[in-house]
Amino acid sequence: MTESLAIRKFSDLANPTRFLAIAERVLPWLAGLCCLLFALGLTLAFTTEGDYQQGDTVRIMYIHVPAAWLSMMCYSVMALSALGTLVWRHPLADVSHKAAAPLGAAFTLVALVTGSLWGKPMWGTWWVWDARLTSVFILFLMYLGLIALNRAMDDPSRAARVSAVLILVGFVNIPIIKFSVDWWNTLHQPASVIRMGGPTIDAEFLRPLIVMALAFTLLFFTLHIMAIRNEIWRRRVATQRRMAARLAGRGD
Amino acid sequence: MTALLLRDLKLSIRAGGGALIGILFFMTVVAVIPFGVGPDLNLLSRIGPAIVWIGALLAALLGLDRMFQADRDDGSLDLLLMQEHPLVLTVLVKCLAHWLANVLPLVIASPLLGLFMNMSEVAIGAVMLTLLVGSPALTFIGAVGAAVSVTLPRGGLLVSILVLPLCIPVLIFGVSAAYAAVEDPAPFLPPFLILTAITMFFAVLGPAGAALALRNAGD
């Protein structure tokens, strides 16, 4: 490998070998920072006071809200990668949205499960067919459908292009999720952190929430980079196997 | 374009096209419901609009996987892709043909099933009207699913899984408009107009997405 691994443009990241080298260097830091933030966030989450009405159950928020944010951010990352696939035809973008789909499904599942656990004591029910809950559930189904579609095709680059189209079409769901609490009068409360005119949530709850959100974001990026790296390695192994098989056939 | 429309229509109506299977499936689904919930006419008339809508949704999904696959099997898909006409328009015409052959019969059959469900005349009319306006959206969304899975040998089930989540808004507003026509306090027009908007939105997005997928799915 004679070419230099220095990065001059953002597009230089697109070289898989260079990406692997950077991932090697960045991953320990990301993982370490993520662990630190989680430690800080969880400590804050368990040491701050509970809500005067909700008691200790309010602590579910520190898992539920970041997971829900991440489930949407992950889809946005996938949509950006899908654009990369379709516009620049780059294999790394293919790998990126393929690797992000299971992560997104996992975050969405966490958001749904914790929301359900929180809903039982607060709303008196595990599940309601409210606009926010339903649209997030649809997001979960879309993640699973995308994973199924990607796995159904043999040729990875064609699978990537075709699922990229579907990712972009499915992106209409993201604004629906975001604004579902404003458009419909629902049981799920409207946004209280990211809104015009500043957060309405008390600083006591906001601090652990922000730390946890940062920790979740770092967790996503750490896992995402690891998944991309594994996928690149997997493809290289597959290519080398194929080459070995071809050589073995010639040797006879 | 007209030739393509007529060709697709003829293909789907003649033997092996499977356009009539859709109606049969629709009727069977709706006929099975009374066995499941019991033959209580009051209950049936209350859930009737929803049942007819769900039946139509499932029946509309049934023939979707054949939309581009039949063309791919005999090679005409490649000809369509190589045409000078914009591919989006070709896809739009194919969607229209599919809707006319497979979905419009469902809309026409829906009053009969409404009678089975003991629905009032107003409700039957409302369901038919909402189906007429809303079902093109199902076809346009389905075109994306069909195009995405065109190369898969057994894509039928996958198309349904991929397409159903996106169809939910259509179902929500279709059913709520149908109920609004029957029950007094809720206004009919807002959900109906939203349904129309959804159909128009997907009339733009669906063919564009399907064309993009078809170009990329080529070998």
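Guide: Residues 100-119 of chain A form a span that is 100% helix and 0% strand, with its end C-alpha atoms 28 Å apart; helices (H or I, at least four residues) and strands (E, at least two) are DSSP runs, numbered from the N terminus. This is a predicted model, in which local features need pLDDT of at least 70 and side-chain atom pairs count only at pLDDT 80 or more, while totals for chains, interfaces and linings use all residues. Residues are numbered from 1 along each chain as its sequence is written, and chains are lettered from A and ligands numbered from 1 in the order in which they are written.

The unreviewed UniProt entry annotates this span as "transmembrane region", together with residues 26-47, 67-88, 131-150, 162-181 and 205-226 of chain A; such annotations are given in the numbering used here, with shortened feature names, and may be inferred rather than shown by experiment. Of these, residues 205-226 of chain A are likewise 100% helix and 0% strand, their end C-alpha atoms lying 32 Å apart.

Where chain A meets chain B, the contact (C-beta atoms, placed from the backbone, within 7 Å) takes 16 residues from chain A and 15 residues from chain B. On the chain A side, the elements giving two or more residues are helix H4 (131-152) and helix H5 (156-170).

For chain B, UniProt (unreviewed entry) lists residues 157-182 among its "transmembrane region" spans, and that stretch is 100% helix and 0% strand, with end C-alpha atoms 35 Å apart. Chain B as a whole has nine helices and zero strands.

Notes:
Two residues are in contact if their C-beta atoms, placed from the backbone, lie within 7 Å.
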